Amino acid sequence: MTETVPTYPFAQPAALEPAPEWARLRRDCPVARVTMVSGDEALLLTRYSDVRDMLADPRFNHALNKPDAAKISAADDGGVFGGENSAMTSSPDHPRWRRMMNKSFTVKRVTAMRPRIEEIANRQIDELIAGGQPGDLQSTLGFPLPVQVICELLGVDPSHRDRFSHWSDAMLNLTRFDQAQLATAAREFQEFMAQHVAEKRAHPGDDLLSELAAVVDSQDGRMTEAELIITAQGLLVAGHETTANMIGKMVAMLLADRPNRWQRLVDDRSLINSAVEESLRFDANPGFGLPRYISEDIEVAGCPIKAGTTVVVSMAAGNRDESAYPDADRMRLDRHPNPHLAFGAGPHSCLGQALARTELQVTLAVLLDRLPTLDLAVPADELRRRAGLIVGGLEKVPVTW
């Protein structure tokens, strides 16, 4: 009998509900064979400890541009995980690049942006209200806010928002674009960013790209011109797409059990920060997870894995692991401690997590102030996922107030 290898990512019963395979695999098969949309096979890890350990283990790397690595997307080059970004983050120079980016992406810099984020959130909620009920929270608040924030941080004009959305969709979608479309999008994005960096050199400002361009021009070895362009593209895409989708999902999850979640926050604002962390942990629609290339023979959960294998870690499945979280399938707004894996772990954890946390906290606080009667305009099980996107997300979040 031929063994059936399931296709990954798994189908979900509803946009906010986890795939049933997560619990089964954590219990019965912690190292599972899965098939990518490309047809290639990989291994999937779903237990919290395995996912956390793998993310922090230097023997696992991002070199998915290797000839024997599984292609994650339907595109010939395997998509975003097989491109130049992967090569850069898997290189021996990654610690040097990481130290410099950590210095530029400081908590102090992000904290200073909080008043501006509040201003943007209030303006977008004004727009939501002006549009009448029901309104789509995703298109009027969830998407515009992170785009404007990351554009101001980088010093990029947010009027190019539609082009950014197209480029990021091309980079982060598993199935929608063919190789020729991806190549065109990649070329256009690179040309746009190279031109923008040139303009920053001619007219520097108090923004992150001007700072990084000065680092390159110092020629002290901390960053090359090519790394600058790739870094700017990565920050622009990752800086808005993930947070934009998380705002919609966070609000939808809180409204899905309105009396025990949203109303509790209306009554007790001290829970805002822990509610944001629990939303990140509880998110059952986070997208693909993170793939890794195994460069030497290893063992995980008692299972041998050969060098050259592609392994996908599901942070979301790990975040629902009962061995790590009591009542893992219950959203507890006061959960503490909450060492979730939503931002990854170890030397490759998300650089922008301080900014993402601030945007989510501010958005939630302003929404609670402005629209305490907020509610979903449709049953939660009628919300629809964004198809094929590796960072997950909802098509719309219809709301009333």
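Predicted model: local features only at pLDDT ≥ 70, side-chain atom pairs only at ≥ 80, totals over all residues.
The secondary structure of the protein comprises 16 helices and 10 strands. The radius of gyration is 21 Å, close to the 21 Å that the globule rule gives for 401 residues, so the protein is as compact as a globular protein of that length. Along the principal axes, the C-alpha atoms occupy a box of roughly 60 × 55 × 40 Å. Of the 401 residues, 53% count as buried. When contacts between residues at least 6 apart in sequence are considered, 73% of them link residues at least 24 apart.

The charged side chains number 43 positive and 55 negative. The centres of these two sets are 3 Å apart.

Glycine 142 belongs to helix α7, which spans residues 137-142. The relative accessibility of glycine 142 is 0%, and because buried means under 20%, this residue counts as buried. With residues up to four places away in sequence left out, glycine 142 touches Leu137, Ala244 and Ile247. Tryptophan 167 is 25 residues from glycine 142 along the chain, and the C-alpha atoms of the two residues are separated by 18 Å.

Note on methods:
Residues numbered from 1 in each chain as written. Heavy atoms only, no water. Helix = DSSP H or I, 4+ residues; strand = E, 2+ residues; numbered from the N terminus. Rg over C-alpha atoms; globule rule 2.2 N^0.38 Å. Buried < 20%, exposed > 50% of the residue type's maximum accessible area, 1.4 Å probe, protein only. Contact = heavy atoms within 4.5 Å. Lys, Arg positive; Asp, Glu negative; His and termini not counted. Charge placed at Lys NZ, Arg CZ, Asp CG, Glu CD.
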